[in-house]
Structure formats: structure tokens, C-alpha cells
Amino acid sequence: MNERLQKDYSMQTKRNVSFDALKCISISFVLLWHLKPLKFESVTSINAVESVINFAISFFYSNITLTAVPIFFLVSLYIFYQKIENNSSYLNRRFRHLISLYIFWSIVQVFIFYLIAGSLPDFTLKNIIGILIGIRPILPLVGPSVFYFLFNLIVLTLLAFIFINLTEKKRFIVSILIVSLSLLYFEITSITDFYLPSYRIENFVIYVPLSYIVQSNIKQLFKKKYYYLLICAYTVFSIQDVYIQVFKKELLNSYGRVSIVFGALILFFYIYKLDLKPNFIINKISKYSLGLYALHKYFQYLFLYIFDIWLSDIRLSWTKLSIENLLVFPAVLFSTSAIIYFLRFTKVKKFVS
């Protein structure tokens, strides 16, 4: 009996470390995508070598870092399915927590807008709906709110609860329908001029059945043939993305792409099956990933504003990379980490961890 308990504890620890690592990687990808520390000032004045480097950087941003949000959803829903099986009251606690986070950060977003603009956003129907779904108000220099993530996570958690309460046969049918229709929808929007905005729930419904399939069949899915199949699919659809972006000059969907789904699954399986040991840095970054996600754009705005006012004339002859991005990236990381460090001693701690 003791050996069995020890084995169960070992597996739980492994899962926790793997999930911490996935959250750590995901928030790192989010920061890299939003801040883009490596970016050429102009792609029209670069030579052949720099063009290759620029292509590699662009591919990393558009086809790798954008797996971040899907990975967050995969991990969150995986844990939800795991906990709801043994604790029927978990749904209420989970909803209360998510809704409190969503309300708090929506208020913060409006308050930051007020500090910058000197007035509250116009309460038009468009703005009200935008605030409710977590994409408004839009801040100058850094763009829309990022809290569509929390809104979508609430919706996906509700859908996951409905899904888990279906009979096994219905879950199988619903899984096939959602996964196949979502992939088909992503493919159609990719090869046509239709652009699927990043905040739309259609980007993420596929992770409700996928996370259940993964959670229920994790050992079987570790087989190399499945992993190699995912890599092949990711490669094929990534080539398609490059063709669409480079040759057709069309805008790629952020998350509504087949390559992003397979990329997220590849990274999830790769990290999960590693024999990871508890790590202090990974643990802390994972624990405060919400704070990093929620706060980094505010500091991004601050440092972009400072750069535009006082440092915009800075140029370095030895590089054609954007000096603004190179300087803003570490400044945002340091400032966001510092404020989270102090917030963890306050009552606001629960909103950043």
C-alpha cells in the first residue's frame, strides 16, 4: 500500500512539474510575441543573410510563440477534468476564482485607460461588448486588452463541465465533431481571405475535447508513432502558413490555424514526458504567470512612451535590429517582475498567482 501511495505521489509531482514547465514556457512565449525583442527596423534594407535571419525570427514568432495560449488552455482544462472527477464542488470554486480574476482585471484595464486618456472609455455598445469579452478598452501603443483569455477560459470551463457530463458514447461523437469541424474551419479560414480574430471563442473550443482525450489517454499517446505524426502534420501546415504569408501576402490567423493546434500538442507531450525535477525558477514563473500576463502590457506602454519621448533618436550602426524593442524587452521584464514581487505581500496576491 505504501509503495502504491509513493508511486501516486511521484506521478502527481511529475505532472505538477511538467505543468509548471509548460506554464513557464507559455508565458515566456506570450512575452516574446507581444514584445518582439528581435525585430528589424525595416525589411526593405536588409541583405540576404539578414533576410534569412528575419525569416527565422518571423517564423518563431508566428508559428511557435503563438502556441502559448492554446497550451495554457490545454493545461487548465486537463487539470479541470482531473479534479472534477474526484470533487464535484470543484466547479463552483473554479468559477468563483475565474470570475473574480476577470472582474478585477477588467476594472484595472479601464482604470489604466483612464490614467492614460484622462477620461473613461465611451460607453457605446461596441465598447461595452468589448469590455465584457475582455478586448477593450484599447490602450495606445500596445493595443487591445489581453483579458479575452480569462473570458474564454470561463466559457471553456463551462463547456468542459457540460462535456464531461455527457455519456461516454456522446463524448466520443462530440469529440470527433468538434475536432474535425474546428480543423476544417481553421483550414478554410487560412486559405481564404476570412480572418479569424484572436479573441474569438471559435479559436479555442477544440481544446475542450482535445484536453479530455489527452487526459484520458496520456499513456497511449506517448507512443512515438503519434508524436511523429503530430510533427509531420505540424511541418506540413507550417509550410502552408509560410506560403500564405510570404507568397500570397495574406494575414495569418493568430490561433485559428491547424499548425498551432498541432504545435501546442507537440510541446505539451514533449514537456509532459520529460523526467523533470522540481525547479525554483520554473515554479516561481509558473506560479506568477497570471501576473506576468496581466501586467506586462502596462509596462510595455510605459517604456514605449518613454522611448518615443526621450530615446527615439538612438541608433546603433552595427545592427539593423529595432533598438526600441531591444531596450523595452528587458525593462518590461524587470519592472513586471518587481511589481509582482511586492504585490505578493499584499491582498492583491491572489490576482497575480
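Reader: Which residues in helix 13 are buried, and what makes them count as buried?

Author: This is a predicted model, by the way. In helix 13 the buried residues are Ile 323, Glu 324, Asn 325, Val 328, Phe 329, Val 332, Ser 335, Thr 336, Ile 340 and Leu 343.

Reader: How do you know that the span of helix 13 is close to what is expected?

Author: Helix 13 covers residues 323-343, which is 21 residues. The expected span is 1.5 Å times one less than the number of residues, and that comes to 30 Å here. From first C-alpha to last, helix 13 reaches 30 Å, so the span is close to the expected one.

Reader: What makes the largest nonpolar core a core, and which residues touch the most other members?

Author: It has 92 residues, and it's called a core because its members are buried residues of the nonpolar kinds joined through side-chain atoms within 4.5 Å. Tyr 81, Trp 105, Tyr 207 and Phe 268 touch the most other members. Helix 3 (residues 68-84) gives the largest share, 13 residues.

Reader: What does Trp 105 touch, leaving out residues up to four places away in sequence?

Author: Phe 147, Leu 150, Leu 290, Ala 294, Leu 295, Tyr 298, Phe 351 and Val 352. These count as contacts because heavy atoms lie within 4.5 Å.

Reader: Which residues does the second core include?

Author: That one is separate and has 5 residues, among them Phe 40, Ile 57, Tyr 61 and Leu 321.

Reader: How many cavities of 30 Å³ or more are there, and why call them cavities?

Author: The search of the whole structure finds 2. They're cavities because a 1.4 Å probe fits there but cannot get out.

Reader: What makes up the lining of the largest cavity?

Author: Its lining divides into 8 nonpolar, 2 polar and no charged residues. Trp 33, His 34, Thr 65 and Tyr 255 are among them. Helix 1 gives the largest share, 3 residues.

Reader: And how does the lining of the second largest cavity divide?

Author: Into 6 nonpolar, 3 polar and 1 charged. The lining includes Lys 297, which counts as charged because Lys is in that class. Phe 147, Ala 294 and Tyr 298 also line this cavity, and Trp 105 touches those three as well.

Methods:
Residues are numbered from 1 along each chain as its sequence is written. This is a predicted model: local features need pLDDT of at least 70, side-chain atom pairs count only at pLDDT 80 or more; totals for chains, interfaces and linings use all residues. Side-chain values use heavy atoms; hydrogens and water are left out. Buried means under 20% relative accessible area, exposed over 50%, partly exposed in between (1.4 Å probe, protein chains only). Helices (H or I, at least four residues) and strands (E, at least two) are DSSP runs, numbered from the N terminus. On a 1 Å grid over the protein atoms alone, a cavity is a set of points where a 1.4 Å probe fits but cannot get out, and a pocket is an open set with protein on both sides within 12 Å along at least five of seven lines; lining residues have an atom within 4 Å of a point. Grid points are joined across faces, edges and corners, and a volume is the space filled by probe spheres set on the points.
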